[in-house]
Structures are given as structure tokens and as C-alpha cells.
Amino acid sequence: AYYFLYYKKGLTIFKKFKNKGPKKTGKTGPAKGQPKATKEPPKNVKANKKAPPQKPKAPKKIIPKKPGIAFLYPKLTEYIVTTGEYLVRLHKYSIFYLLQAPRQEETQLKFSKNITRINAYYDQKMIEKTVKNQNIKYLIVNDALSKKELIWLKGLGVKLIGVFNDVFISSDVKTSRNFNNMWRYDAFIQDCPYDFDTFKKNNITKNIFIPNIYDTTKTKLSSLNNHNILLLGKLNDKDNGVINAITAMSSIIKEFPDTKLNIISKDSQTLNINQLIRKYGLNKNIYFLPFDTKISYYCKDSSLFIYSSLIEECKTAIKEAMSHGLPCVISNDISKNLFFQEGIIKLNITREKELSNEIIKLLKDNKYKNKMGMGAKLSLDKINDDALTTWDKLFSSLQSGNEDFQKLRSETQLKYTKKKETKVATNPPTQKAEAKAKKAQPAATTPHKNVEKDKKTPPAPAKKTPPAPAKKTPAAPAKKTIPSPAK
């Protein structure tokens, strides 16, 4: 008992008795009775000369921190990773992810070392600390935050930018769950450019359209040297794009018997589809894949992508196919809502002959196929660059004032919606025919009524005006006076 209880005390007492003697001061010097050693002057220096005083050290330069951008989301998604990676390229801001603790799903989504992750989604103190210490000026948040959370974040002196999905924006904006909190954001980003009218009707002026960025640096281009077709759609009787594609395969096989149609769908196979496959003998040419499979894996080995839906639009799937350099076939109804048009073939998918003829044309003509594929890839790169510039302008406009933000808002609206209308209206076939007919017409004897309006062609009125009165004055009396006495 003594050993266990007083072991340490006994050890210290033992050491004291063992090392009994004068305390060691740590000073080194001569022994007692010996003279003290004198300091020798340094070589090549006079003994009386004093050493030069040392220069004071310059203070360290305090490098100001970059303004920070933080994504406040519960979990890591592809949207956050791609936008964060592209915002790093601006070299103006430091980027942070304020998320929950990492999950197993997020291990596949890797981000660069320039982005710092902080597990502080539900921790208010941690969020306040990072906002102050990291000089965060902009918070990009999802649309699931409550009223109290938005008021609290607004009190931190941060510009709030909300990201709204088009799922929550209906024709009547007042019915959506975000309507009461829309005015609390400094700006919110809409997914579809054609929702400007719905916001305008409800006097909402904080919306802006920025297209989702799809990273094309990690994707590999398809060689387009095979006859494989990838199709994404629903196996329903209402949305019958898949049924038309299967029937079109019966005529495609006659030209190219080695074609394969890989269908990715959520729905299970129906009796009508199985009967069609047996009817045309397409068991070796059509394969059904589960919806969980990655589209990018099959895009590498395909030469054409078909989005067969007639009702719903899936922009991410179309962009993924475009990133691999695949020409995309889409129905006319959906293509109206897409702001990217290059590399896309718009068809009436309900017509089987039109669909089969276009597919056969693509598979035959390699130049046309490669041209459409490269056009799709380049158009997607252009969309990414435009999105990055609009993000940069958005951050600067939020700091400068509301006027700059409204200018940027109107610019994006014209860029992604009005340009298409002007292109279609400027060169219709009827106007071309009218212009050719006007040039072919001879000059009329009577003066033109709208000569003053045609200011674009100055030489035209100069030719017409002098001869018109000269012809009229001699000819008019000659015709009337001579034949009357003869009769």
C-alpha cells in the first residue's frame, strides 16, 4: 500500500538526498581563485572603435485577405463543385464550402485544394466566426432556408445569393414556397431563362439567369466511329418518343445492321414495347439499361444521343452528351426552352420516317456527324465562359448598387431570350423573296410615295425624281389632244 500510494513522493525524496549539494546555476565561468578572462577584440578591428548599431527590422507586410465566397449547403453536390471550381479561375476571391460532416456519397465528388471545406452548416457560432475571420462577402445558399435563418444571415453583413430550381417556379409564383422570402435575397438565380415574364407579373426584380456550369475538362470526346445510339426517355404510352425510336430502328437496320440502341429509363418495360421488339426482330439491337448507370460511360462509346421525351426537358443529360462531342436529337417542343442550339438537331420525333432519315444521314456522312459533335462541344464551352463572366459581374454589381444589377439583369434577359426572336424575324423566307422582287421590278413612272422614308439608299431617289415629271408633262397632253379630233 505504501509503495502504490507514496511511490512518487518517495522517489522525489530519494533524489533530493542523492543529489545533495550546491544548486546548479547554469552559469559557466572560471574556477575560484583564477582571474577572469578578458574579451579579445575581433580581428582587423580597432579595440577602441565601437560596433555599428544594428538596423531595425522592417515590419512584415500585412497582405489583405481576398473577399470570400461561401457555399452554405447541407451536402456537397455537383452544382457546388463545378461552380466553385470555375470561380477559382477568377483569382479574385477565396472560396469556402460550409457543409455538414462528409458523407459516403461525397467521396466521389473531389474538389481542388484552393477550396477550403468547413463543417459548419448547423453551427451558428462557427458560421459567424468564419464570416468574420475569412472576410466572406457573399453567401450562396439553397432555396430551403427559413425566414429566421435568412434574417440571421442578413444580419451578418453578407450579400445573400439564392439558387432556385425551376421545379419551384410555377406560372403563378405566389403559390411557390419561396415567394414570401424572395425579397430577402440580394439576388437569386433562376434555372430557366424563360421565367422572366412570370417574375415581372409579380413585381419581382431580384431574379437573374445564369446557366449551370458543366465541367468539360474531365470528359473525354467520343471517337464517333461506331453505330451506337444512346437514348434517354420514358417508357410510357403518353410520352411515346421511345416507341417511335424503336419503330425507326426497323428501317435503320436495313442500312446499318450493326447499330445498337441503348435505352436508359426509370420505367420498366411494357408489353407494347416488348411486342414491337419481337415484331421487328430487334432483340440483338436494343438493350435496356438501369437509370443508375452513368450516362458518361455510354457517351464515350456512342455516336448519337436522342432525348425522346416530348414533355419534360433534362438539361443536365443533354449537356453531358454535348460535353463528349455527341450530336443530340431533340423534339421541337423541348428545343424552344433551350438557350443552346448549336450541335442540336430539332425534329418531330413522333414522325418515324423523319427520325429514321436523319439518323441514317448522320451515320452515313462522317463530316456532318463530326461537325455537329464539335459544334455541341464548343457551344457548351462558350456557355461556361459566359456563365463565369456573369458571376463576376454579379458580385461587382451587388457591391456597387442596384442600378448596375438591373443593367446586368436586362443584359442577360436579352442575351438568352430576345436574340433568338430577332434572328428568326430578320431572315424569314418571305422577306427575302420580297427583297428580290423589289430589285427585279422596273422603275415606275409615277414618283414613289415613300421616297423620304428610304434614307438607307440615297442614290435611288436621285434617279427617280428628275425623270418622273419630265415624262409626264409632254406625254399627258399629247395623248389627249391628238386622238380627239381624229375621231
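Ile 151 is partly exposed, at a relative accessible area of 46%. That value falls in between because buried means under 20% and exposed means over 50%. This is a predicted model, by the way. Ile 151 sits in helix 5, residues 147–154.

Asn 262, in strand 9, residues 260–264, has 12% relative accessibility and so counts as buried. Setting aside residues up to four places away in sequence, Asn 262 touches Ile 229, Leu 230 and Leu 231, along with Tyr 287, Leu 289 and Tyr 298.

Now the cores. The largest nonpolar core holds 33 residues, and Ile 161, Trp 391 and Leu 394 have the most contacts inside it. Which elements each supply at least two residues of this core? On the strand side, they are strand 1 (68–72), strand 2 (94–99), strand 4 (136–142), strand 5 (159–163) and strand 6 (187–190). The helices are helix 3 (78–88), helix 13 (366–400) and helix 14 (402–426). A second, separate core has 32 residues, among them Phe 256, Leu 304, Leu 363 and Met 372.

Back to Leu 394 for a moment. Beyond its neighbours within four places in sequence, Leu 394 is in contact with Ile 161, Ala 187, Ile 208, Ile 210, Phe 405 and Leu 408.

Last, a helix pair. How do helix 7 and helix 12 cross? The axes of helix 7, residues 241–255, and helix 12, residues 352–364, come within 9 Å and cross at roughly 45°. Helix 7 is therefore oblique to helix 12, and the crossing is right-handed. From helix 7, the contact is made by Asn 244, Ala 245, Thr 247, Ala 248, Ser 251, Ile 252 and Glu 255. Helix 12 brings Glu 352, Leu 355, Ser 356, Ile 359, Ile 360, Leu 363 and Lys 364. By class, that contact has 7 nonpolar, 4 polar and 3 charged residues. Leu 363, named in the contact, is also one of the residues in the second core.

Definitions and conventions. Residues numbered from 1 in each chain as written. Predicted model: local features only at pLDDT ≥ 70, side-chain atom pairs only at ≥ 80, totals over all residues. Heavy atoms only, no water. Core = buried A, V, L, I, M, F, W, Y, C linked by side-chain atoms within 4.5 Å. Buried < 20%, exposed > 50% of the residue type's maximum accessible area, 1.4 Å probe, protein only. Helix = DSSP H or I, 4+ residues; strand = E, 2+ residues; numbered from the N terminus. Contact = heavy atoms within 4.5 Å. Axes fitted to C-alpha atoms, helices over the stretch in contact; angles between N-to-C directions. Parallel < 35°, antiparallel > 145°, perpendicular 65-115°, else oblique. Left-handed = near helix turned anticlockwise from the far one by under 90°. Nonpolar A, V, L, I, M, F, W, Y, C, P; charged D, E, K, R; others polar.
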